[in-house]
Amino acid sequence: MSHEKLEKNLVDLIKEEQAKLGYRKEAVRLYYPLQSLRHFYDCTDSVEEMQKRLADFASVAEDTLGAVEISHKGDRFCFVIPESGTEYVHTQMKENEFIIQLVELIGSHHAAMDQIRELFEAQKDPCEIMDMDSDEFDVMIRFTAGDDPYYYCFKDEGCHIIYHRFLPEDYEDFGL
């Protein structure tokens, strides 16, 4: 059983958090609904089955993320990544990572949708840009090659632009 997708997603979320808030050597809590975890393993596990599967993940990920604690309330799972795990992610992050560039652009509060499109188009991997007919988001952008699997959805709220990124399966589940 491969835990690669889950570990990559945890690392990506920590990188995004560190890009937004800065690095601090501290534990981080990340939450996932059962359905999202099922996507990582292409399974239909019950809550109890998933908890057992994730116990194996914790032992496999210990070398990189440290002693990850995993619990759940109902079908919502909590991953506690210890200080050693957040430090590992920090040391793996490159200065010019795309997520850092995106967060800096969005955080400037002067960003325009055209600038966001230009940032994606300036990357080495090709991307698809799609205007959305939705109250939730105005534009969806995703890379069509490379190792960034996320669907980035943007909403211009007038005074600033917000974004959320989804894995393809979660994007589908939301019906966006």
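Trainee: Which residues have the most contacts inside the largest nonpolar core?

Mentor: Please bear in mind that this is a predicted model. In soluble globular proteins, nonpolar side chains tend to be buried together. Here the largest nonpolar core has 47 residues. Those with the most contacts inside it are Leu 6, Leu 54, Phe 57, Phe 79, Leu 102 and Phe 154.

Trainee: With which residues is Leu 102 in contact, leaving aside its neighbours within four places in sequence?

Mentor: Leu 102 belongs to the residues with the most contacts inside the largest nonpolar core. Once neighbours within four places in sequence are set aside, its partners are Leu 119, Phe 120, Tyr 152, Phe 154 and Tyr 163.

Trainee: How many residues are in the other core, which lies apart from the largest one?

Mentor: Phe 137, Tyr 151, Cys 153 and Tyr 171 are among the members of this separate core. Its total is 7 residues.

Trainee: Why do the buried residues of α6 line one face of the helix?

Mentor: The buried residues of α6, which spans residues 113-121, are Met 113, Ile 116, Leu 119 and Phe 120. They line one face because, seen down the axis of α6, they fall within an arc of 115 degrees.

Trainee: Which exposed residues does the face of α6 turned away from its buried side carry?

Mentor: The buried residues of α6 pack against α5, β4, β5, β6 and β7. The face turned away from that buried side carries the exposed residues Asp 114, Glu 118 and Glu 121.

Trainee: Which helix gives the most to the lining of the largest pocket?

Mentor: The largest pocket has a volume of about 740 Å³ and is lined by 23 residues, with Lys 15, Lys 94, Glu 97, Phe 98 and Asp 147 nearest its centre. At least two lining residues come from each of α1 (4-21), α4 (83-92) and α5 (98-107). The most, 5 residues, come from α1.

Trainee: Which residues lie nearest the centre of the second largest pocket?

Mentor: About 450 Å³ of space lies in this pocket, and its lining divides into 10 nonpolar, 4 polar and 5 charged residues. α1, β1, α2, β7 and α7 each supply at least two residues of that lining. Nearest the centre lie Ser 36, Arg 165, Phe 166, Asp 170 and Phe 174.

Methods
Residues are numbered from 1 along each chain as its sequence is written. This is a predicted model: local features need pLDDT of at least 70, side-chain atom pairs count only at pLDDT 80 or more; totals for chains, interfaces and linings use all residues. Side-chain values use heavy atoms; hydrogens and water are left out. On a 1 Å grid over the protein atoms alone, a cavity is a set of points where a 1.4 Å probe fits but cannot get out, and a pocket is an open set with protein on both sides within 12 Å along at least five of seven lines; lining residues have an atom within 4 Å of a point. Grid points are joined across faces, edges and corners, and a volume is the space filled by probe spheres set on the points. Helices (H or I, at least four residues) and strands (E, at least two) are DSSP runs, numbered from the N terminus. Ala, Val, Leu, Ile, Met, Phe, Trp, Tyr, Cys and Pro count as nonpolar, Asp, Glu, Lys and Arg as charged, and the others, Gly among them, as polar. Buried means under 20% relative accessible area, exposed over 50%, partly exposed in between (1.4 Å probe, protein chains only). The arc is that of the directions from the helix axis to the C-beta atoms. Contact means heavy atoms within 4.5 Å. A nonpolar core is a set of buried Ala, Val, Leu, Ile, Met, Phe, Trp, Tyr and Cys residues joined through side-chain atoms within 4.5 Å.
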